[in-house]
Amino acid sequence: MSDISQTPSQIATAGKAPSKHAGSLLAQSPHTKKRNAAERRFRAYGMAAIGVGLLMLLILVTTIVGRGTGAFQQTYVTLNVELVEKKLDKSGTRDLAAIKKVTTFGYAPLIRDAVAAKVAELGIETDLKPKALAGILSKDAAATLRAFVLENPDQIGETVEFRFLTSSRVDGYMKGRVSRDSIANDKNISPEQLDIVDAMVGAGTLETVFNLDFITGADASDARPEAAGMGVSMLGSLFMMLVVLALALPIGVAASIYLEEFAPKNWLTDIIEVNISNLAAVPSIVFGILGLAVFINYMHLPMSAPLVGGLVLTLMTLPTIIISTRAALKAVPPSIRDAALGVGASRMQAVFHHVLPLAAPGILTGTIIGLAQALGETAPLLLIGMVGFIASNAPETLADGLLSPNSAMPAQIYEWAKRADPAFYERAWGGIIILLIFLVTMNTIAVILRRRFERRW
Amino acid sequence: MSFVKYTVSALAVSAAFATAASARDQVQVAGSSTVLPYASIVAEAFGENFDFPTPVVESGGSSAGLKRFCEGVGENTIDIANASRQIKEKELQACADNGVSDIIEVQIGYDGIVFASDINGNGFAFSPEDWFLALSDEIVVDGALVANPNKSWADVNAAFPDQSIQAFVPGTKHGTREVFEDKVILAGCEATGAFDMLKEANGGDKKAAEKACIRLRTDGVSVDIDGDYTETLARIESNKDGIGVFGLAFYENNTDKLQVATMSDVVPSTESIATGEYPVSRPLFFYVKKAHIGVIPGLKEFAEFFVADEVAGPDGPLAEYGLVSDPELSKTQAVVSDEAIIGGNS
């Protein structure tokens, strides 16, 4: 009974002796302190990592918004142009074929006169020649005028009010991108022209307003960046996405259902499975080369066509869709299938009536994320001729949209970023904003679908 | 299985479209990124003024464009190749092998190549010798060929400021590189006497000596830019000592960021290039596939419009953008209207 007769101090020493971990719960042992410190450190690392990520995102968003918002504003000038009959329709017969013979170069003098008249009307003193005065305007002005006359030949001889684009330098001056100092060596604009611009702003003739044409318009050549818009390339992207959706979704879903529900588990299906995962990791440029070799050189599909772009992006999106669809199908518990089979459904009925509807939100989420990925892809489009000065004719029919040459949003951004005039650079950033809005919207829809409809067991 | 039906019908419809598409109705152009802005300006004006759709202009470089051009005859090949250099014998042969025998060569004008540095940095007045001494692999020092020891521009020419040498030159896939080598480095090589020494060292072989002349140093002083001029500009913005090679039109659009250097005491401008005073310039071309004229609607009209006085002339939009118009434009116009092919009227 010597154990019992031990004094409390003896117990304490006996307890201490066998293990160094023993101690008060209130006072932390050095080892516990070390473990807790490690955890605190890890949390701090985690927070720092998130902080760095957020900071990057913040820098990215502020840069994009800061540089791109300028593209959504454009400077216009309002002028009264006299549509001189002698110049536009010499015969006076209003015969459209005859009027068409007058090219945009023939319209330039009318615009020159109109600017000179406006400057005189506003009482601005200047030594500039009419040609220099017209330099304030975009070269697009003559095209605008010609298009109007061809549509309204009966208005020849009248004086009509027009709103013309100003040149990219004037636009940059209004937005603060171009200053009087920065144009010291610039032969495209002179300080005297800017004086006139200032006077016109004062008179309310020249103003910077919201630029709808940037969202709806076509690409423009290097000589008139102020006229360039994203609209046509947006349509190009839309048609490509239609092709991707029409092909990748049914093919991907059919392949996944077969692999997941019907295929026997053997070495062949294992190989297929591994290769689908491999395919998902193939760089997109490879699909571009494949598209060039197969769709254009071998199948003789037209170059630069959104149909070909869509086919290439389908190849790229398929693995994403297959993998996410299989995951969604796997997530449906076997009890659902068993119950359906138990009441006498065939395997196909069990899949299509019970499993597929339950997996649909997951499939749709995967599809939308795959589409968003495809929407932002540029590399494969380089090889099939969708990058360049292409997005200039808006498609009129579905067939036209699929087959006539077009660009895509990311390709258009890439193209603008390469061009010499800094005004294109601004538009590239503006294009990024539009593209990001699309991507964020698509991802939000995917998240909402998943949150609202996905069931967990 | 309604979606299976939809899929099948969608596939059928796209297949039907594909066959309907066999008739291409717009001109397709590809090639040099230097010619691209000019070609797109013309394409835009062409689409506005004619009833043909706006031609499609792609870039990719002179060599890539000519390669695609020579792939064969047919609607799946391009109609026009833009080039910032003349077509080579080898390329003509490749074309002929693929059945592209009748090619119309059209010279649209001249383009200047300028040397520019950061607007706030030092100004330079270069001569070809300076560039050779700064960038060549081997130079002559005290009568012997040695690996280029120059680190600073002051080493190259006592008149220059002490600024470390950092050059951004176009990569070898660019037509611009060839002009830079021929008109600057090779000229400098000959002027400094290195050419004769190299010729001697190579046993009198002129070709080998030329090759040795244009070999640039690889110690990081000269950086090849394979991208576009925007990349060169970005490099100069981040490295204020850098001096880059640009096209004249690009410089003229970015005068707020760049200052241009003179070459042999001539300031580059459309005028000094047109008179031939400014030495570093080259002709720009496009090549038309004669077999496509009459097949692709608007092809000949586009080619004629491209070289028309109001477009490519001294007051036209191309000259305004930076092209130095060809004083013998009327000859070029005759070539296009007669459809005169390379190598005579065979």
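**Entry 1. Two loop residues with positive phi**

I looked up S304(A) and placed it in the loop between helix 13 (284-298) and helix 14 (306-331) of chain A. The model is predicted, and I read what follows with that in mind. S304(A) is not a glycine, yet its phi is positive, about 60°.

I noted R94(A) next, which is in the loop between helix 3 (85-88) and helix 4 (96-100) of chain A. Its phi is near 60°, again a positive value in a residue other than glycine. R94(A) has 14 other C-beta atoms within 10 Å and is therefore partly exposed.

**Entry 2. The sheet of chain A**

I traced an open sheet of three strands in chain A, with the order 2-1-3 and antiparallel pairing. Which strands are at the edges? I found strand 2 (159-165) and strand 3 (206-210) of chain A there, each pairing on one side only. From one strand to the next the twist averages 35°.

I followed the pairing of strand 1 (residues 73-82) with strand 2 of chain A, which is antiparallel and runs over seven bridges.

**Entry 3. Helix 16 against helix 20**

I checked how helix 16 (residues 347-375) and helix 20 (residues 422-453) of chain A are placed. Their axes come within 9 Å and cross at roughly 170°. That angle makes helix 16 of chain A roughly antiparallel to helix 20 of chain A, since angles over 145 degrees are counted that way.

I listed the residues that make the contact. Helix 16 of chain A contributes P361(A), L364(A), T365(A), I368(A), I369(A), L371(A), A372(A) and L375(A). From helix 20 of chain A I noted several, among them F438(A), M442(A), N443(A), A446(A), R450(A) and F453(A). By type, the residues of this contact are 14 nonpolar, two polar and one charged.

**Entry 4. Where chain A touches chain B**

I looked up the extent of the interface: 40 residues of chain A are in contact with 41 residues of chain B. Which elements give two or more residues to the side of chain A? I recorded helix 5 (104-121), helix 7 (140-151), helix 11 (231-262), strand 4 (388-389), helix 18 (398-403) and helix 19 (409-418) of chain A. Helix 18 of chain A gives the most, with three residues. I sorted the residues on the side of chain A into 22 nonpolar, 11 polar and seven charged.

I also found strand pairing between the chains. Strand 4 of chain A and strand 2 (residues 56-58) of chain B pair in the antiparallel sense over two bridges. The bridge partner of F389(A) in strand 2 of chain B is V57(B).

**Entry 5. Helix 9 of chain B**

I looked for the buried residues of helix 9 (residues 206-213) of chain B and found A209(B), E210(B), A212(B) and C213(B). Viewed down the axis of helix 9 of chain B, the buried residues fall within an arc of 165°, so they line one face of the helix. What covers them? I noted that the cover includes helix 7 (175-192) and helix 8 (194-201) of chain B.

Methods:
Residues numbered from 1 in each chain as written. Chains lettered and ligands numbered in written order. Predicted model: local features only at pLDDT ≥ 70, side-chain atom pairs only at ≥ 80, totals over all residues. Contact = placed C-beta atoms within 7 Å. Helix = DSSP H or I, 4+ residues; strand = E, 2+ residues; numbered from the N terminus. Nonpolar A, V, L, I, M, F, W, Y, C, P; charged D, E, K, R; others polar. Pairing = 2+ DSSP bridges. Buried ≥ 20, exposed ≤ 12 C-beta atoms within 10 Å, placed from the backbone. Arc of directions from axis to C-beta. Axes fitted to C-alpha atoms, helices over the stretch in contact; angles between N-to-C directions. Parallel < 35°, antiparallel > 145°, perpendicular 65-115°, else oblique.
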